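Me: I have a structure open here and want to go through it piece by piece. Can you take my questions as they come?

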Amino acid sequence: MIRIRRAICDQLPQLKKACPALEVPVKKQQLQNARRPTLEWVLPSAVAQQEQELLEIVREHRFDEAYVKNVRIVPSAGRSAAKIEFQLQPQVFVEQLLQSKPNTSEPSISPTEHILVEYSSPNIAKPFHVGHLRSTIIGNVLANLHQHLGYRTTRLNYLGDWGTQFGLLALGVQLKNVSDQEMQASPIEVLYESYVAANKASEESPDIAKQARALFAALEAGTDETMAKQWQQYRKYTIEDLSKVYKRLGVHFDSYEWESQYSQNQIQDALAKLREAGLLHQELDGREVVVVDGRRIPVIKSDGSTLYLARDIAALLERLSRYQFSRLLYVVDNGQSDHFNALFKTAAALESRLKLDQLQHVKFGRIHGMSTRQGKAIFLKDVLDEARDIMREKRNFTATTRENQSLSDEHVCDILGVSAVLVNVLKQRRQRDHEFSWQQALQVNGDTGIKLQYTHCRLKSLLDNFQEVHLDDIKPNWLHFTDEPADALDLLYELARFDQSIWQSKEQLEACVLVNYLFGLCNATSRALKRLPVKQENCRQKQSQRLLLFHAAKKTLQQGMQLLGLRPLDQM
């Protein structure tokens, strides 16, 4: 469909930005158009002042008849915005949707901007907490969407490894007298237990807390080489442990970055720039603050130590120089809104190369109730293991379960469990708090990750039964589909909406837009499979055209699932 969009929009400079905004009309509108393939552009408010001029230019222009059969102008009326309907050549429309060979020469929709996405960002030396799940999977989807659309995309994981609490971690290792063998055998578990032990001890003894602060001060000043080497090891162990969970979630990063990589020199340089620009103000109690929206936000405490805002300003300025990004997305929970508002407005006021609209805090709500059936889930690994175990139980009690030829049953159960958890979270509007439910997440018939996997397996099984049919040699035929039950055209139009669902998901920074599209695609596919049998069809032409349709459905579903971070199964 990208080629058709380009064929329409490249002909007039006024339509250049409309390319991704062209939409397939809803079913009711299709019926009014006698189910003819149509793309429509509802004029946005931004072009309202030029509406008459734009509509007149479009009305007089002769579009490429190889793609566009007719153009209909609908002026604005009351609250209804004006729109332009492009009636497409039906045969070209169906060929673009169903041709088996991918057309690698099709241009991307998007400009080649550089997008940085910072997501996940857990703390060093701790198992992956369920609280970081939403940042991780939402950020991964947003990075996938931008990359799919042709943006140059960089994925950052900014890990917390700085602050007095890390002095407690280092002290805990000493207090427990942890051996190298214990550390190598189960590093994250040992480090976490060491931190818990030291934290408990510090509550009982002020001297412990004082020792922890001294240890961290030595680490920060770089005066303890042994501690610095240990810290490097702790970071290495953390990445190794996190990578196991990230692999299960279908998540990866281009760069692991650390709070500690921004040295005191860089932070002091940023503070010096703030003072020079007159943005840093001295308070009577010795603190130094920036003023944002009338509020006085501390940057330096009265004892001279810096707060996180100072480090984040230094990090942002350094990233701007290093990456020269067009936009930077921070995928962090709702609770950090004030922090990012202060960060963005202070950095933009300080650095002339930086504009506020280049920076965005992608907010999300909390997940409640994400625990194992025993009610004890702090760490994500426990939740994913629980999902895998439940899927194993379900498969053992299902008579139709088939053995997967390419993956072990354990691996299949893990992929199904992860799919259930991810989709249950991603289908929610991100800013809403979400109550997690095992019963809802693991349903086959509801809108779940299991449903996506089941539909993909069903399509793969059908196509495997006709491997001798060379789909590359079959030409899609529009007239054939107009003679089929209405479910055929319904599925065709659902396939045509894939591009716009990706664009809208990216524009709104909402994974749920794509998730809900995939649910709709599965529903349309299920109805079509019921009404358009392939095995039982004696007419070879009907059979081959239906195979093309279901092949396109499988390919689109697979691509959409991969954008969500899922691994589509062939058998379950």
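**Helix H9 and onward**

Reply: Starting with helix H9, its buried residues are Ile208, Ala209, Ala212, Leu215, Phe216, Ala218 and Leu219. Keep in mind that this is a predicted model.

Me: What covers the buried residues of H9?

Reply: The cover includes helix H6 (164-175), helix H8 (187-204) and helix H10 (225-249).

Me: And how far does H9 reach from its first C-alpha to its last?

Reply: H9 spans residues 206-221, so to speak 16 residues, and reaches 23 Å, close to the 22 Å expected at 1.5 Å a residue. After H9 comes Gly222, with a positive phi near 75 degrees.

Me: Switching to the sheet. In what order do the five strands sit, and is the pairing parallel or antiparallel?

Reply: The order is S6-S5-S4-S10-S11, in an open sheet with parallel pairing. Strand S6 (255-258) and strand S11 (359-362) are the edge strands, each pairing on one side only. From one strand to the next, the twist averages 25 degrees.

Me: How many bridges between S10 and S11?

Reply: Four, in the parallel sense, with S10 covering residues 327-331. Leu329 stands opposite Gln360 in S11.

Me: Which helix packs on the sheet there, touching S10 and S11?

Reply: Helix H13 (residues 337-350) does, and its direction makes about 175 degrees with that of S11. Helix H5 (residues 133-148) lies across strand S4 (114-118), strand S5 (152-159), S10 and S11, and runs at about 160 degrees to S5.

Me: What is the phi of Ser121?

Reply: About 50 degrees, a positive value although Ser121 is not a glycine. Ser121 is found in the loop between S4 and H5.

Me: Where is Asp293, the other one with positive phi?

Reply: Asp293 is in the loop between strand S8 (288-292) and strand S9 (295-300), with phi near 55 degrees. S8 and S9 form a hairpin with two residues between them, and Asp293 is in the turn.

Me: Is Asp293 buried or exposed, and why?

Reply: Asp293 counts as exposed because its relative accessibility is 53%, and the cut-off for exposed is over 50%.

Me: How many bridges join S8 to S9?

Reply: Five, and the two strands run antiparallel. The bridge partner of Glu288 in S9 is Ile300.

Me: What about S7 and S8?

Reply: Strand S7 (residues 281-282) is joined to S8 by two bridges, again with the strands running antiparallel. Gln282 stands opposite Glu288 in S8. S7 and S8 form a hairpin with five residues between them, and Gly286 in the turn has a positive phi of about 95 degrees. As for cover, four of the five residues of S8 are buried.

Me: On to the core. Which residues touch the most other members of the largest nonpolar one?

Reply: Ile8, Leu98 and Leu452, out of 151 residues. Apart from that core lies another, of 32 residues, among them Ala270, Tyr323, Ala347 and Leu359.

Me: What is Leu452 in contact with, leaving aside neighbours within four places in sequence?

Reply: Val423, Leu518, Phe519, Cys522, Leu557, Met561, Leu564 and Leu566.

Me: Next, salt bridges. How many does the structure hold?

Reply: It holds 36 salt bridges. One of them pairs Glu95 with Lys475, the closest N and O atoms being 3.7 Å apart. Glu95 is in helix H4 (residues 90-98) and Lys475 in the loop between helix H17 (449-464) and helix H18 (478-483), 380 residues apart. Glu95 is partly exposed, at 23% relative accessible area, whereas Lys475 is exposed, at 58%.

Me: Which side chain does Arg395 meet in a salt bridge?

Reply: That of Asp409, at 3.0 Å, N to O. Arg395 lies in helix H14 and Asp409 in helix H15, so the pair ties together parts that are 14 residues apart in sequence. Arg395 is buried, at 8% relative accessible area, while Asp409 counts as partly exposed, at 39%.

Me: Which residues do salt bridges with shared partners join into one network?

Reply: Arg248, Lys381, Asp385, Arg388, Asp389, Arg392, Glu410 and Asp414. Within that list, Arg388 and Glu410 meet at 3.6 Å, N to O.

How values were computed
Residues numbered from 1 in each chain as written. Predicted model: local features only at pLDDT ≥ 70, side-chain atom pairs only at ≥ 80, totals over all residues. Heavy atoms only, no water. Core = buried A, V, L, I, M, F, W, Y, C linked by side-chain atoms within 4.5 Å. Buried < 20%, exposed > 50% of the residue type's maximum accessible area, 1.4 Å probe, protein only. Contact = heavy atoms within 4.5 Å. Pairing = 2+ DSSP bridges. Axes fitted to C-alpha atoms, helices over the stretch in contact; angles between N-to-C directions. Expected span 1.5 Å × (residues − 1). Salt bridge = Lys/Arg side-chain N within 4 Å of Asp/Glu carboxyl O.
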